[in-house]
Amino acid sequence: MTTAGQYHTADLTLNVNGQAHQLQVRHHWTLLDVLREQLDLTGSKKGCDRGECGSCTVLLEGKPVYACQILAVQVGSKPVITIEGLGDGSPDPENMDLVQRAFLENDGGQCGFCTPGFVMSTRALLDDNPNPSDEEIRQALSGNLCRCNAYGRILESVRAARQT
């Protein structure tokens, strides 16, 4: 541990999207801040910054979490998957994760701000339960908010992904 000005820092190795990143982070930095500001992974959005909207959802050890509510130093070397870690990262639908493709083909994103959070929550759901009921889908996505009110299209997107 070192001191940078008045803030304590720590050397940290974050395992993000299958790649190890050696970083020095301040103890109070959230995982979201490190992803966006140090690793330039801006797919996870800073919506409310209070753990209420879900736009910053990432997978931590395969489970959906709000990256704005976890300190980077708490993560350590546990595997983190962001929206950029699904598929191969290209805009070609053939190379997208099936959840990303289902959202694209079923207009699951309006403005797109919340879409990464919904996609990551859906990916975690389908990893645990490949054929969820509509009620299970609603429950899994209940921590994600869409300001455009695209919930019908989001539900259709998840249904399409579960059938793939």
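Glu-156 and Arg-159 form a salt bridge, their closest N and O atoms being 2.4 Å apart; a salt bridge here is a side-chain nitrogen of Lys or Arg within 4 Å of a carboxyl oxygen of Asp or Glu. The structure holds 8 salt bridges. This is a predicted model, in which local features need pLDDT of at least 70 and side-chain atom pairs count only at pLDDT 80 or more, while totals for chains, interfaces and linings use all residues. Residues are numbered from 1 along each chain as its sequence is written, and side-chain values use heavy atoms, with hydrogens and water left out.

- Glu-156 and Arg-159 are 3 residues apart in helix H6, so about one helical turn separates them; helices are DSSP runs of H or I with at least four residues, numbered from the N terminus.
- Arg-159 counts as buried at 18% relative accessibility, whereas Glu-156 is partly exposed at 31% (buried is under 20% relative accessible area, exposed over 50%, partly exposed in between, with a 1.4 Å probe and protein chains only).
- A network of salt bridges links Glu-156 and Arg-159 with Asp-134 and Arg-162.

**Salt bridges elsewhere**

- In helix H4, Arg-123 and Asp-127 are 4 residues apart, and therefore about one helical turn lies between them.
- The side chains of Arg-123 and Asp-127 meet in a salt bridge with an N to O distance of 3.0 Å.
- Arg-123 is buried, with 10% relative accessibility, and Asp-127 is partly exposed, with a relative accessible area of 48%.
- Asp-49 forms a salt bridge with Lys-46, with 3.9 Å between the closest N and O atoms.
- Asp-49 is partly exposed at 37% relative accessibility, and Lys-46 is partly exposed with a relative accessible area of 37%.
- Side chains of opposite charge can pair when their charged atoms come close.

**Packing of H4 against H6**

- Helix H4 (residues 115–128) packs with helix H6 (residues 151–163) at an angle of about 35°, and their axes are 11 Å apart. Axes are lines fitted to C-alpha atoms, for helices over the stretch in contact, and angles run from 0 to 180 degrees between N-to-C directions.
- The H4 and H6 crossing is right-handed, meaning that the near helix is turned clockwise from the far one by less than a right angle.
- From H4, Phe-118, Thr-122, Leu-125 and Leu-126 meet Tyr-151, Ile-154, Val-158, Ala-161 and Arg-162 of H6 (contact means heavy atoms within 4.5 Å).
- By class, this contact of H4 with H6 has 7 nonpolar, 1 polar and 1 charged residues. Ala, Val, Leu, Ile, Met, Phe, Trp, Tyr, Cys and Pro count as nonpolar, Asp, Glu, Lys and Arg as charged, and the others, Gly among them, as polar.

Technical notes
Helices (H or I, at least four residues) and strands (E, at least two) are DSSP runs, numbered from the N terminus.
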